[in-house]
Amino acid sequence: MVLPALAMFVAFAVIPLIGVLLLSFTRWDGIGAIHPAGFDSWHDVLTDPGLPHALWVTFEVMLLSWAFQTPISLLIGVFLAARQRYRSVLAVFFFVPLLLSQAAIAITFKALLDPNFGLGAGLGIDLLVQDWLGDPTLALCTVVFVVSWQFIPFHSLIYQGAVRQIPVSLYEAAQLDGAGRLRQFFSITLPQLRNTIVTSSTLMVIGSLTFFDLIWVLTAGGPGDATRALALDMYIRGFRANLMGPASVIAVILVVVGLLLALALRRLGGGRDTSSQLEGM
């Protein structure tokens, strides 16, 4: 089983990554001949004032979506982990956003948030009649909300499965000691979900580096460059400006940032200590 998995990893991860790295040292418009360019593309990208801004936008989306998704996903996962039938029915409807493509979700929210013809104008709710995608701050918050709306069900599913693995005997013992639901949540559920929280956070953080189609359809990086994250910057450089070398540099930077964040989260989660937490062991 190890060799096939290793072969797949090399074929679909290592070789493409090496190809992108080599392409970052070339000059290519995506159609014609490829010419060696040394470190020109790296120099152009690293000295471009747009790179720090794209990095900042990427981290803003990452941190805000993580802070928004984690507590809601955790609470919904704990709620859905109970065995009542109506919660199972709710869970089925709750996962509908996962079945939709990001482009379809972006088009839908773009229509709903239109200040002239959207939900707010249609229902006459003045609070919702805002230029959600025309104001830089509101546009960034809208991107975070839409991303969270789609992925909260996925992370809730992870927490739901993890909560169901916690031994019932722990809660029964806590009840005998007079602990209420709130005390049980903070003393039993949260500590038992430590590794799950790290896993979910890692998926959120690494996944946020790849947000492209949703942002592209929803805001196209605007207004101005308020929502121009790194993945979007890579697309614009590569397929709008036909600069494959600089686009490859952005791709390599995304890989490095993703690896560093994954390593940092793993260390924060206890490094190699991934042993079972069942029964408090």
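Residue numbers start from 1 along each chain as its sequence is written. In this predicted model, local features need pLDDT of at least 70 and side-chain atom pairs count only at pLDDT 80 or more, while totals for chains, interfaces and linings use all residues; side-chain values use heavy atoms, with hydrogens and water left out.

We may begin with the charged side chains. A search of the whole structure finds 4 salt bridges, a salt bridge being a side-chain nitrogen of Lys or Arg within 4 Å of a carboxyl oxygen of Asp or Glu. Asp48, Arg228, Asp233 and Arg237 are joined through such bridges into a network. Arg237 pairs with Asp48, and the closest N and O atoms are 2.9 Å apart. This pair ties together distant parts of the chain, 189 residues apart: Arg237 belongs to helix H13 (residues 230-240), and Asp48 to the loop between helix H2 (40-46) and helix H3 (50-80). Helices here are DSSP runs (H or I, at least four residues), and they are numbered, as are strands (E, at least two), from the N terminus.

Arg237 also forms a salt bridge with Asp233, again given as an N to O distance, 2.9 Å. Both residues sit in helix H13, 4 residues apart, or about one turn of the helix. Asp233 in turn meets Arg228 in a salt bridge of 2.6 Å, N to O. Asp233 is buried at 2%, and Arg237 is buried at 11%. Asp48, at 24%, counts as partly exposed, as does Arg228 at 27%.

Helix packing comes next. Two packed helices are described by the angle between their axes and the distance between the axes. The axes of helix H11 (residues 194-208) and helix H14 (residues 244-268) come within 10 Å and cross at roughly 165 degrees. These axes are lines fitted to C-alpha atoms, for helices over the stretch in contact, with angles from 0 to 180 degrees between N-to-C directions. On the H11 side, Val198, Ser201, Thr202, Val205 and Ile206 meet Gly258, Leu261, Ala262 and Leu265 of H14, contact meaning heavy atoms within 4.5 Å. By class, this contact has 6 nonpolar, 3 polar and no charged residues. Ala, Val, Leu, Ile, Met, Phe, Trp, Tyr, Cys and Pro count as nonpolar, Asp, Glu, Lys and Arg as charged, and the others, Gly among them, as polar.

Elsewhere, Gln160 in helix H8 (residues 136-164) is buried, with 8% relative accessibility. Gln160 touches Gly77, Leu80, Ala81 and Phe95, leaving aside residues up to four places away in sequence.

In the loop between helix H12 (213-218) and H13 lies Pro223, and the peptide bond from Gly222 to Pro223 is cis, with omega near 0 degrees. Ala220 is placed in the loop between H12 and H13 and has a positive phi, near 55 degrees, in a residue other than glycine. Asn242, in the loop between H13 and H14, has a positive phi of about 55 degrees although it is not a glycine. Ala220 is partly exposed at 40%, and Asn242 is partly exposed at 39%.

Technical notes:
Buried < 20%, exposed > 50% of the residue type's maximum accessible area, 1.4 Å probe, protein only.
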